[in-house]
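Welcome! Please take a moment to look over the sequence and the 3D structure before reading on.

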Amino acid sequence: MDFNLKVEKRAVAQKKSDNKKIRKEGFIPGVIYGEGKEGTPIMLRSNEFVKAYNKSLGELAFFNLDVDGKSYKTIIKDKQVHPSTRRVVHLDFMELTKGHTITVDIPIKLVGDAAGVIEGGIVDFLMHTISVSCLPSQIVSELEVDISKLGIGDTLRVGDLPLGDLQTNADAELTVVHIIPPIQEAAAEEDAEGDEAPAEAEAPQATEE
């Protein structure tokens, strides 16, 4: 998903109040980083960024930033959020440079109807993104994973992902998705076991002396 945003250069903040002033005027301070380059301090309109960011939730987004007529193709490398208001207060963008490897988080998208679900099982989706290293030209917006052959009890791990030329440092044994048995049946079995009362001990027989 691509977004085009016009941004403005800004002076390097000398004190906290400098960035506070920028935010009060409706901007978010940020920096564009590039391979072997000094960071470029920028500021972008908060409402325009939030609108684009909300559209990109769950997907890898590319931000084409126009700085005084010069375009930078970037991705968000880091963002700082206010702990109370949850508003974005600072952004770090990484410029995508041809021939230079970068590390990004790629969303994982499950496709197909798992055989185990048709049998009544439930998809337990544990790992929604994976960190990979690749060239900018190899970046994909999402990694599609076919789960149609997974039956009840089957597990798909990082080592099973169709990464192709993408490289990851994630443990190959990490679980991405697991098909678990129907909760209703499992719960019913537990209830049935709980309803079984222990056998009563026979009352002692009274004896006459």
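Here is a short tour, from the whole chain to single residues.

Please keep in mind that this is a predicted model. The protein chain has four helices and 12 strands. Of its 209 residues, 32% are buried.

**The chain as a whole**

- Among contacts with a separation of 6 or more, 62% are between residues 24 or more positions apart.

- Three strands make up an open sheet in the order 9-7-10, with mixed pairing.
- Strand 9 (129-134) and strand 10 (143-146) are at the edges with a single partner strand each, so one side of each has no neighbour in the sheet.
- Neighbouring strands here are turned by 40° against each other on average, direction ignored.
- Strand 7 (residues 102-111) and strand 10 run parallel and are joined by four bridges.
- To find this pairing in the model, look for isoleucine 108, whose bridge partner in strand 10 is leucine 143.

- Another open sheet has three strands in the order 8-12-11, and its pairing is antiparallel.
- Its edges are strand 8 (122-125) and strand 11; each has a single partner strand, so one side of each is left without a neighbour in the sheet.
- The twist from one strand to the next averages 10°.
- Three bridges pair strand 11 with strand 12 in the antiparallel sense, and arginine 157 stands opposite threonine 175 of strand 12.

**Aromatic rings**

- There are four aromatic pairs.
- One of them is a tilted pair of phenylalanine 49 and phenylalanine 63, with 5.8 Å centre to centre and 35° between the planes.
- This pair links distant parts of the chain, with phenylalanine 49 in helix 2 (residues 46-55) and phenylalanine 63 in strand 4 (residues 62-67), 14 residues apart.
- Phenylalanine 49 counts as buried because its relative accessibility is 1%, and phenylalanine 63 is buried with a relative accessible area of 1%.
- Ring pairs link Phe3, Phe49, Tyr53, Phe63 and Phe93 into a cluster.

**Salt bridges**

- The structure holds three salt bridges.
- In one of them, the side chains of lysine 73 and aspartate 2 meet at 3.0 Å, N to O.
- Lysine 73 is in strand 5 (residues 70-81) and aspartate 2 in strand 1 (residues 2-9), so this pair ties together parts that are 71 residues apart in sequence.
- Lysine 73 is partly exposed at 37% relative accessibility, and aspartate 2 is partly exposed at 44%.
- Glutamate 142 and lysine 109 form a salt bridge through their side chains (3.7 Å, N to O).
- Glutamate 142 sits in the loop between strand 9 and strand 10 and lysine 109 in strand 7, so the pair ties together parts 33 residues apart in sequence.
- A salt bridge also joins the side chains of glutamate 173 and arginine 157 (3.6 Å, N to O).
- Glutamate 173 belongs to the loop between strand 11 and strand 12 and arginine 157 to strand 11, so parts 16 residues apart in sequence are tied together.
- Glutamate 173 counts as exposed at 54% relative accessibility, whereas arginine 157 is partly exposed at 31%.

**A glycine in a loop**

- Glycine 164 lies in the loop between strand 11 (155-157) and strand 12 (175-180).
- Is glycine 164 buried or exposed? With a relative accessible area of 67%, glycine 164 is exposed.
- Glycine 164 and glutamine 138 are 26 residues apart in sequence, and their C-alpha atoms are 9.6 Å apart in space.

Notes:
Residues numbered from 1 in each chain as written. Predicted model: local features only at pLDDT ≥ 70, side-chain atom pairs only at ≥ 80, totals over all residues. Heavy atoms only, no water. Helix = DSSP H or I, 4+ residues; strand = E, 2+ residues; numbered from the N terminus. Buried < 20%, exposed > 50% of the residue type's maximum accessible area, 1.4 Å probe, protein only. Pairing = 2+ DSSP bridges. Axes fitted to C-alpha atoms, helices over the stretch in contact; angles between N-to-C directions. Contact = heavy atoms within 4.5 Å. Phe/Tyr/Trp six-rings, centres within 6.5 Å; stacked < 30°, edge-to-face > 60°. Salt bridge = Lys/Arg side-chain N within 4 Å of Asp/Glu carboxyl O.
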